[in-house]
Amino acid sequence: MIDKKKKRARLVGRGLYIVTLAVLIACALKVVWYWDDAKTNLGNILSMLYPFLLGLFIAYLINPLVDFFNRKLFRGIFRIKRAGISKGLSVLLSYILVISVITICLFYIVPQIVESLMQLSTFIESAQTGYNKIVDFFENLNDQYPQWKLNTVIDFIEDIPEQMEKWLKELAVSVLPKLYSTSVSIISGIVNTLIAIMVSVYMLLDKPKLINNIKRAIYAVFPEAKADRILIVSSECNKIFGNFIIGKMIDSIIIGFLCWVIMMIIGIPYALVISVIVGITNMIPYFGPFIGAIPGILLLLIVDFTYAVIFAVIIVVLQQFDGLYLGPKILGESTGLRPIWIIFAITVGGSVAGVAGMFLGVPVTAVIAYLLSTAMEKKLKNRNVEFEENHETGIISRDTLITEDKNLKE
């Protein structure tokens, strides 16, 4: 009777697996055949689910901090036995800490941004003065050397303000509608962020229930052995993804802090604003520090050319320090990807999803590489194929003796 129940459960599981696979294949074919419609529908679905996806990402980032406070502080030091109270306090403290850090950063950054804008207005006045000097210089030069025939050059220079005014009017006409859409997007973004924070709080509080439901669904759909394998592989993928995200965040905070300290010691202005930009963009491997350097260099060029050059040198030194020492120490082999694949992930991710894609492309590619490698190793193991490496060339070849010996034994 028990055997019949087990057989029936296995048949039901296999049936569900086949139906699920057939539905997924049918959906994939429909997406390929009707790509434009699928792309529009996918965009609408992602837009609708954006607060929940953002909430999931926020919960994923804060989860290590919540676990730390739960284990070390409330259960370890304060000895709170009730899991619900301990978890709730951990979530509350984590959000208070994160929001406080963001608020303090904004408290110092916003005044510097205002100061930068005021500096920009001074730069415009200086540019006007410089423009007048250039016009006077060419007019005096034309009076002294009329044979050089500089009238065309003078007319071109004098026409610059008129052309600039015309360009600014055209820009204003095109910018006004964009300002309206941008304001609507900002309001929508604030609302979505608030919803995402609430969603992330509930996800962290209900984390055990969510995980348990996912496990039940996996074991309901797949056979036991395959379900066990799925959970093992999922755990490894989560480790790869999480180690990179958390490690890169710590690495970027350190690089941003070092940039701020060095700029403060040297006396370069706008140290905090520029260092925050450098720290955020450092989340993008390889290219991040240089992307973050561009706004800083442009800002410092307004103040002093020397500051811009010194800052560029600082970025190069920090990038080398991060790439050769700090990054490997913190991240280790968290992705397992070679540099060429990291560059590939950044390029493809950037073209698909912009800056977020450049950052997330690396851990996603690492997870895909792990899944492909696991599947390949399983296939090779089933076929009893083993390789030996040539120590001189580093190229592997099939070890025929080991493989044939195992086949004979079987």
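How much space lies in the largest pocket? About 2,000 Å³. The close-up views below start there. This is a predicted model, in which local features need pLDDT of at least 70, side-chain atom pairs count only at pLDDT 80 or more, and totals for chains, interfaces and linings use all residues. Residues are numbered from 1 along each chain as its sequence is written, and side-chain values use heavy atoms, with hydrogens and water left out.

**View 1. The largest pocket holds about 2,000 Å³ of space.** Its lining counts 44 residues, and those closest to the centre are V98, V101, I102, M249 and I253. A pocket here is an open set of points on a 1 Å grid over the protein atoms alone, with protein on both sides within 12 Å along at least five of seven lines; lining residues have an atom within 4 Å of a point. Grid points are joined across faces, edges and corners, and a volume is the space filled by probe spheres set on the points. Helices α2 (35–77), α3 (83–144), α5 (160–205), α7 (224–266), α8 (271–281) and α11 (339–382) each supply at least two lining residues. Helices are DSSP runs (H or I, at least four residues), numbered from the N terminus. The largest share, 11 residues, comes from α3. By class, the lining divides into 37 nonpolar, seven polar and no charged residues. Ala, Val, Leu, Ile, Met, Phe, Trp, Tyr, Cys and Pro count as nonpolar, Asp, Glu, Lys and Arg as charged, and the others, Gly among them, as polar.

**View 2. The second largest pocket has a volume of about 1,300 Å³.** It is lined by 32 residues, of which L56, F57, A59, Y60 and N238 are the closest to its centre. At least two lining residues come from each of α2, α5, α6 (207–221), α7 and α11. Helix α2 gives the most, with 12 residues. The lining has 21 nonpolar, eight polar and three charged residues.

**View 3. One cavity of 30 Å³ or more is present in the structure.** A cavity is a set of grid points where a 1.4 Å probe fits but cannot get out. The volume of the largest cavity is about 30 Å³. Its lining consists of I255, V278, N282, P289, I315, L318, Q319 and D322. Helix α10 (residues 305–331) gives the most to this lining, with four residues. Five lining residues are nonpolar, two are polar and one is charged.

**View 4. Helix α9 bends by about 25° at I294.** The bend at a residue is the angle between axes fitted to the seven residues ending there and the seven starting there. A proline, P295, follows within four residues. The helix covers residues 288–303, and its 16 residues should span 22 Å at 1.5 Å a residue; the end C-alpha atoms are 24 Å apart, which agrees. The expected span is 1.5 Å times one less than the number of residues. Buried residues of α9 are G288, P289, G292, A293, G296, L299 and L300. Buried means under 20% relative accessible area, exposed over 50%, and partly exposed in between (1.4 Å probe, protein chains only). P289 also lines the largest cavity.

View 5. The 43 residues of α7 should span 63 Å at 1.5 Å a residue, and the end C-alpha atoms are 63 Å apart, which agrees. Just after α7, G267 takes a positive phi of about 95°. Y270 lies in the loop between α7 and α8. Phi of Y270 is near 60°, a positive value in a residue other than glycine. Y270 is buried, at 7% relative accessible area.

**View 6. R79 is found in the loop between α2 and α3.** Its phi is positive, about 55°, although R79 is not a glycine. R79 is exposed, with a relative accessible area of 62%.

**View 7. Helix α11 contains T374 and T365.** T374 is buried, with a relative accessible area of 16%. Its side chain reaches the backbone oxygen of Y370 at 2.8 Å. T365 also counts as buried, at 18% relative accessibility. The C-alpha atoms of T365 and I346 are separated by 9.4 Å, and the two residues are 19 residues apart along the chain.

How values were computed
Polar contact = N/O pair within 3.5 Å; in protein donor to acceptor, adjacent residues only side chain to side chain.
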